[in-house]
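Reader: I want a close look at one part of this model, not a tour of the whole chain. Please keep it brisk and stay with the residues.

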Amino acid sequence: MQNPVIILGAQELGVLALDAFQSNDVVVYCFLDDQVALQQKEVNEITVMGNTEDENILKLLGKKCDVFVAAEDNATRKSLTKMLKDEYKVMPVNAIHKFSYVSEHAWLGHGNFIQAGAIVNSNARVGDNCIIGSRAVVDANAVLEDHVQVGAGAMVNAGVTIAEGAFIGTGAVIVAGVKIGKNARVGAGAVVVADVAAKQTVFGNPAKPV
């Protein structure tokens, strides 16, 4: 990556993304954030230059700058990614921390955030706009569809499939071969030994619906 990066979102996720880019000596040009109180101020020495629809800044995309979406919730990340694709013909770059490990035989889509200490092993597939937290593991042949979030220290074992929009909590363990349905939620520390249906929430060891 040679171009400077504009980060959409200057709150917690944006600050973590900044750290990931800077760990790889990538220049962050600015933040854009819709919270007025943050605008024209500095966050970790990077200026919040406007809101996420600021055409004067976004016109740099695809020419002089790349972009990363660091909005705090899935719905906003989806909306901003669609706007970037439709109006500016660009897709967000990946933010991969220097101290993570991604196998050269893994496959990554666009706009993913892989935090420090995370591991993505051989032949794993990660879609678009996923977040893989610090020290989380996505093991061989696991599949993360778009907009999946895997919390810090979670273990996604070999051959697991996690459908679009699902959330895996901190320290959860998904046993090999299990399927997690679309928009399902797995609680922190849960041990999932059976498939989880779409939109279902599970907690506990072994994990059960709530």
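Take residues 5–84: how far apart do their end C-alpha atoms lie, and how much of the span is helix and how much is strand?

Author: The end C-alpha atoms of residues 5–84 lie 14 Å apart. The span is 34% helix and 21% strand. Helices (H or I, at least four residues) and strands (E, at least two) are DSSP runs, numbered from the N terminus. UniProt annotates residues 5–84 as "domain: PglD N-terminal", in an unreviewed entry. UniProt positions follow the numbering used here, feature names are shortened, and annotations may be inferred rather than shown by experiment.

Two ground rules. The model is predicted: local features need pLDDT of at least 70, side-chain atom pairs count only at pLDDT 80 or more, and totals for chains, interfaces and linings use all residues. Numbering runs from 1 along each chain as its sequence is written, and side-chain values use heavy atoms, with hydrogens and water left out.

Start at Val-5. It sits in strand S1. Val-5 is buried, at 0% relative accessible area. Buried means under 20% of that area, exposed over 50%, and partly exposed in between (1.4 Å probe, protein chains only). Leaving aside neighbours within four places in sequence, Val-5 is in contact (heavy atoms within 4.5 Å) with residues including Phe-21, Val-28, Cys-30 and Phe-68. Leu-61 is 56 residues away from Val-5 in sequence, yet the two C-alpha atoms are 8.9 Å apart.

Next comes helix H1, residues 12–23. Its end C-alpha atoms are 17 Å apart, which agrees with the 16 Å that twelve residues should span at 1.5 Å a residue. The expected span of a helix is 1.5 Å times one less than its number of residues. Buried in H1 are Leu-13, Gly-14, Ala-17, Leu-18, Ala-20, Phe-21 and Ser-23. Just after H1, Asp-25 takes a positive phi of about 60°.

Now the annotated aspartates. UniProt's unreviewed entry places a "binding site" feature at Asp-33 and Asp-34. Asp-33 is in the loop between strand S2 (28–32) and strand S3 (42–43). Asp-34 is in that loop between S2 and S3 too. Asp-33 is buried, with a relative accessible area of 4%. Beyond four places in sequence, Asp-33 touches Gly-9, Ala-10, Gln-11, Leu-38, Gln-39, Val-48, Gly-50, Asn-51 and Thr-52. With the same exclusion, Asp-34 is in contact with Gln-39, Asn-51 and Thr-52. The Asp-33 side chain also makes a polar contact, reaching the backbone nitrogen of Ala-10 at 2.7 Å. A polar contact is a pair of N or O atoms within 3.5 Å; within protein, one must be able to donate a hydrogen and the other to accept it, and residues adjacent in sequence count only if both atoms are side-chain atoms.

Then helix H3, residues 74–88. Asp-73 caps its N-terminal end: a side-chain oxygen lies 3.3 Å from the backbone nitrogen of Ala-75. H3 has 15 residues and reaches 20 Å from first C-alpha to last, close to the expected 21 Å. Arg-77, Leu-80, Thr-81, Met-83, Leu-84 and Tyr-88 are buried in H3. Seen down the axis of H3, these buried residues fall within an arc of 155°, so they line one face of the helix. The arc is that of the directions from the helix axis to the C-beta atoms. An α-helix has 3.6 residues a turn, so residues three or four places apart point the same way. On the other side of H3, Ala-75, Lys-82 and Lys-85 are exposed.

What covers the buried residues of H3? The cover includes strand S1 (5–8), helix H1, helix H2 (55–58), strand S5 (66–69), strand S12 (131–132) and strand S15 (149–150). Just after H3, Lys-89 takes a positive phi of about 60°.

Asn-129 lies in the loop between strand S11 (125–126) and S12. Asn-129 counts as buried, at 5% relative accessibility. Among the residues that Asn-129 touches, beyond four places in sequence, are Arg-77, Thr-81, His-110 and His-147.
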